[in-house]
Amino acid sequence: MKKITILLLSIALMQPVAAQDGNAIRKRYSIDLQLAQHAGLNRWSNASYVNSGLPAAVITELRGVLNLSFNIPHAGMFMDMGVGIMPAPAMRTLNMEQMPVPYVGTRYYLRETVSSSGDGTAGARFKMTAGMFGKIPTNNSNLTVMPYLGIGFMTMPQRSYDVMLKEHGSNMQYSATYIWNCKHYNGYDSQRVAPGYLTGRLNFRYTLSPKSDLLLGLEYMRFFDTPGFYGKYTNTFNANIEKDFSVTGNRVNMLGISLGISFM
């Protein structure tokens with residue numbers, strides 16, 4: 001009987017330790033599901049026709065976040081992947097009234113669209129971010145403030161048109177190329193931009209149960225580079241390139257809010 005009593009006491013003493021170790025392991029990991037809305041503080045470009053051909057600087061994002069706490073207190077790393085929905089461009093199809101022309105002051109009309117790629121519809125863009133986070137305890141034991149700092153990238157669509165422009169009142173004709181989101185163009189292929197960004201987030205995490213938290217966040221993004229524009233005009237009679245040019249975009253800043261739930 002004495003041996004049985006000692007055994008039961010040993011098991012009872014070991015259970016809190018085992019449960020504590022299990023909780024420590026479980027609390028090292030958490031998975032967040034978040035819905036975020038971002039709005040640009042400035043535009044992709046100072047040129048109106050560049051902005052009209054690109055999606056507006058507004059992103060509705062659905063993402064999953066993996067948080068991994070370090071052994072040191074109140075710090076960890078995160079990685080997230082998500083899909084951002086961007087609205088359709090204002091210029092759904094090529095509008096020559098908004099586009100630049102070979103020579104200012106001369107009237108042209110669109111004679112033929114030789115080829116086009118991309119479209120003017122809303123679309124989903126892939127986003128990925130990684131970085132560090134911290135934990136700031138509060139007087140409320142159920143509430144934790146978590147600042148995040150990370151870098152990431154986002155895919156962006158490319159649009160292009162090859163058209164024939166006819167000069168009013170003469171036989172002059174030009175082959176025109178217009179490409180949105182073009183970083184480099186070698187005459188045959190164009191390289192698109194997948195804009196990288198720096199992001200800062202402030203999450204307010206409220207404990208609902210031992211295994212779930214409610215999340216409310218404020219966010220800021222600054223893009224390192226943004227979609228540019230390339231244009232070229234070629235005289236169809238002598239094949240001379242009359243003009244080719246590039247328009248560099250702005251470094252867009254965005255503010256956002258997020259709402260989500262976390263599982264541990």
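Which residues do ring pairs link into a cluster? I opened my notebook with that, and the reply is Tyr49, Tyr161, Tyr178, Trp180, Phe229, Tyr233 and Phe245. A reminder to myself before going on: this is a predicted model.

**Entry 1: a pair inside the cluster**

I looked up Trp180 and Phe229. Their ring centres are 5.3 Å apart and the planes stand at 70°, so I noted the pair as edge-to-face, the term for angles over 60 degrees. Next I checked where the two residues sit. Trp180 belongs to strand E9 (residues 173-180) and Phe229 to strand E14 (residues 229-235), so this pair ties together parts that lie 49 residues apart in sequence. Buried or exposed, I wondered about Trp180 and Phe229? I found that both are buried.

**Entry 2: charges over rings**

I then searched for charged ends above the cluster's rings. Arg159 has its charged end over the ring of Trp180, at 5.5 Å from the ring centre. Lys243 does likewise with Phe245, where the distance to the ring centre is 5.2 Å.

**Entry 3: strand E14 and its partners**

Since Phe229 took me to E14, I stayed with this strand for a while. How many of the 7 residues of E14 are buried? I counted 7 of 7, so to speak, as the strand is mostly covered. Both of its faces are covered: on one side I listed Phe229, Gly231, Tyr233 and Asn235, and on the other Tyr230, Lys232 and Thr234, all buried.

I followed the pairing next. E9 and E14 run antiparallel and are joined by 7 bridges. The hairpin of E14 and E15 has 5 residues between the strands, and in it I noticed Ala239 with a positive phi near 65°.

Phe126 has a relative accessibility of 35%, so I wrote it down as partly exposed. Phe153, at 33%, is partly exposed as well.

Which elements give two or more residues to the patch? I noted strand E12 (196-209), strand E13 (212-223) and strand E16 (253-263). I picked out Leu214, which lies in strand E13. Its relative accessibility is 39%, so Leu214 counts as partly exposed.

**Entry 4: a loop residue**

My last stop was Thr248, in the loop between E15 and E16. Thr248 is exposed, because its relative accessibility is 70%. Thr248 and Lys183 are 65 residues apart in sequence, yet 8.8 Å apart in space from C-alpha to C-alpha.

Note on methods
Residues are numbered from 1 along each chain as its sequence is written. This is a predicted model: local features need pLDDT of at least 70, side-chain atom pairs count only at pLDDT 80 or more; totals for chains, interfaces and linings use all residues. Side-chain values use heavy atoms; hydrogens and water are left out. Buried means under 20% relative accessible area, exposed over 50%, partly exposed in between (1.4 Å probe, protein chains only). Rings of Phe, Tyr and Trp (its six-membered ring) pair if their centres lie within 6.5 Å; planes under 30 degrees apart count as stacked, over 60 as edge-to-face and the rest as tilted. Helices (H or I, at least four residues) and strands (E, at least two) are DSSP runs, numbered from the N terminus. A charge sits over a ring if NZ of Lys or CZ of Arg is within 6 Å of the ring centre and within 35 degrees of the ring normal. Two strands pair if DSSP finds at least two bridges between them.
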